[in-house]
Amino acid sequence: MSVDYVSIGKRIQAKRKSQHKTQEALAEAIEVTVGYISQIERGITKVNLETMSNIAEILECDITEFLTGSTKNTTNYLSDDINKIFGKLNSTNKKTLVEISEVLLKNQ
């Protein structure tokens, strides 16, 4: 499984903009350059976990929001992922997945 740094960067950018913070303000808060923030947001630079964690702290969110696009606090946590996967399956595999889910429900 490869890491999609472009998507991570877009999520960081969207979160930053939703809080009306500039790249300059974010860069200053985590003590990096504006150019580095720009590269992260465009997916050019592979942001490390420590930096991502620092960004999440400044933007007051969980790091998983950047990684997955959803948060633990939303009602759609993991549902979005399941729906994406389900949508990509052919009809035979969809049926198999439903059958597996039914077995799991019975064994709870």
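This is a predicted model: local features need pLDDT of at least 70, side-chain atom pairs count only at pLDDT 80 or more; totals for chains, interfaces and linings use all residues.
Residues are numbered from 1 along each chain as its sequence is written, and side-chain values use heavy atoms, with hydrogens and water left out.

**Entry 1: α1 with α3**

I looked up the packing of helix α1 (residues 5–18) against helix α3 (residues 34–42) and found an angle of about 120 degrees, with the axes 5 Å apart. Axes are lines fitted to C-alpha atoms, for helices over the stretch in contact, and angles run from 0 to 180 degrees between N-to-C directions. Helices are DSSP runs (H or I, at least four residues), numbered from the N terminus. On the α1 side I listed Y5, V6, G9, K10, I12, Q13 and R16, and on the α3 side I40, E41 and R42; contact means heavy atoms within 4.5 Å. By type, the residues of this contact divide into four nonpolar, two polar and four charged. Here Ala, Val, Leu, Ile, Met, Phe, Trp, Tyr, Cys and Pro count as nonpolar, Asp, Glu, Lys and Arg as charged, and the others, Gly among them, as polar.

**Entry 2: salt bridges**

I searched the whole structure and recorded three salt bridges, each being a side-chain nitrogen of Lys or Arg within 4 Å of a carboxyl oxygen of Asp or Glu.

I found E41 bridged to R16, with the closest N and O atoms 2.6 Å apart. This pair links distant parts of the chain, with E41 in α3 and R16 in α1, 25 residues apart. Both E41 and R16 are buried (under 20% relative accessible area; exposed is over 50%, partly exposed in between, with a 1.4 Å probe and protein chains only).

I found a further bridge between E65 and K15 (3.6 Å, N to O). E65 lies in helix α5 (residues 63–68) and K15 in α1, so the pair ties together parts 50 residues apart in sequence. K15 is buried, at 18% relative accessible area.

I also recorded E99 with K95 (3.5 Å, N to O). These residues are four apart in helix α7 (residues 91–106), and about one helical turn separates them. E99 is partly exposed at 39%, whereas K95 counts as exposed at 56%.

**Entry 3: α2 with α4**

I then examined helix α2 (residues 23–30) and helix α4 (residues 49–58), which pack at about 115 degrees with their axes 10 Å apart. Residues L26, A29 and I30 of α2 meet T51, N54, I55 and I58 of α4.

H20 sits in the loop between α1 and α2 and counts as exposed at 73% relative accessibility. E31, also not a glycine, has a positive phi of about 60 degrees. E31 lies in the loop between α2 and α3 and is exposed, with 73% relative accessibility.

Note on methods: Helices (H or I, at least four residues) and strands (E, at least two) are DSSP runs, numbered from the N terminus.
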